[in-house]
Amino acid sequence: MLRLIFLGPPGAGKGTQAERLSAIYHTPKISTGDLLRAEVKAQTPLGRQAKVYMDAGELVPDEVLIGMVRGQLQQSPEQGWILDGFPRTLAQAEALEELLQELRQDYDHVLNLEVPDEVVVARLLARGKEQGRSDDADEAVILKRLQVYRQQTAPLIDFYEAKGRLRRINGNQPMEVVQQHLQALLESCRRTA
Ligand code: AMP
């Protein structure tokens, strides 16, 4: 059973790689961005509240996300999970540690996809055009998301490094190559486990 956390700036390829590993290892992917977009689309009260933050490139409040992830992790604990887009703040990371203790679960690795800023901006602009994502269409919003990443999410690298759980992966390579590196890492850890 696999339990993984993906870290990295927006556009690093977390969603793509989480999706691929999810299919290969038959492990559910929990993408908080996808869950929020579904709420926005369904025009639920939560969706309406979240949209304001998402369109501005800001983070949706921690309590909303923590409640959402709690529900997801409880759903089918025996299948494991791949977290994509959560945690994104220190408060979320700390809440996740508590939640996992409570549920008697633990994660295997934190996978940090490293990609330079200029590559991220180019990728997000391209994705905005292809997928019509409102938060990827506007360069000002993209830059805001990067700033929010640096201020609120990047500190998680030190948080997990201090726990000895961080794995760094060069995300500035073709998707297939990144995927091969991730699989090689997971397999080698499995063999030595
Ligand atoms: P993503 O698809 O992961 O890039 O997420 C899109 C947007 O959803 C983000 O820019 C945030 O506004 C919101 N979001 C997703 N995950 C989180 C999270 N863990 N904490 C706060 N906001 C989030």
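Predicted model: local features only at pLDDT ≥ 70, side-chain atom pairs only at ≥ 80, totals over all residues.
Figure 1. Start with Glu58, where a polar backbone atom is 2.7 Å from an oxygen atom of the ligand. Then turn to Gln92: an N or O atom in its side chain is 2.9 Å from a nitrogen atom of the ligand. Finally, look for Arg145, which has a polar side-chain atom 3.0 Å from an oxygen atom of the ligand.

**Figure 2. A look into the largest pocket.** Rolling a probe the size of a water molecule over the atoms shows where empty space is left. Here, the largest pocket holds about 1000 Å³ of space. Its lining is made up of 48 residues, and Gly11, Lys14, Arg127, Arg133 and Arg145 are the closest to the pocket's centre.

**Figure 3. The elements that line the largest pocket.** Helix 6 gives the most, with 6 residues. Sorted by class, the lining has 13 charged, 16 polar and 19 nonpolar residues.

Figure 4. The structure holds 2 aromatic pairs. In one of them, the ring centres of Tyr107 and Tyr160 are 5.8 Å apart and the ring planes stand at 90°, so this pair is edge-to-face. The pair brings together distant parts of the chain, 53 residues apart: Tyr107 sits in the loop between helix 5 (90-103) and strand 4 (109-114), while Tyr160 belongs to helix 8 (residues 155-162). Tyr107 counts as buried because its relative accessibility is 3%, and Tyr160 is buried too, at 0%. Phe159 and Tyr160 also pair edge-to-face, with ring centres 4.9 Å apart and planes at 90°. Both of these residues are buried. Together, Tyr107, Phe159 and Tyr160 form one aromatic cluster.

**Figure 5. Two threonines in loops.** Thr44 is in the loop between helix 2 and helix 3 (45-56). With a relative accessibility of 23%, Thr44 counts as partly exposed. Its side chain makes a polar contact of 2.6 Å with the side chain of Glu39. The other threonine, Thr27, is found in the loop between helix 1 and strand 2. Thr27 counts as buried, at 3% relative accessibility. A polar atom of the Thr27 side chain lies 2.9 Å from the backbone oxygen of Tyr25.

**Figure 6. Asn112, a buried residue in a strand.** Our last stop is strand 4, where Asn112 lies. The relative accessible area of Asn112 is 2%, so this residue is buried. To place Asn112 in the fold, find Arg3 as well: the two residues are 109 positions apart in sequence, and their C-alpha atoms are 14 Å apart in space.

Note on methods:
Residues numbered from 1 in each chain as written. Heavy atoms only, no water. Phe/Tyr/Trp six-rings, centres within 6.5 Å; stacked < 30°, edge-to-face > 60°. Helix = DSSP H or I, 4+ residues; strand = E, 2+ residues; numbered from the N terminus. Buried < 20%, exposed > 50% of the residue type's maximum accessible area, 1.4 Å probe, protein only. 1 Å grid on protein atoms, 1.4 Å probe; cavity = no way out; pocket = protein on both sides within 12 Å on 5 of 7 lines; lining within 4 Å. Points joined across faces, edges and corners; volume = space filled by probe spheres on them. Nonpolar A, V, L, I, M, F, W, Y, C, P; charged D, E, K, R; others polar. Polar contact = N/O pair within 3.5 Å; in protein donor to acceptor, adjacent residues only side chain to side chain.
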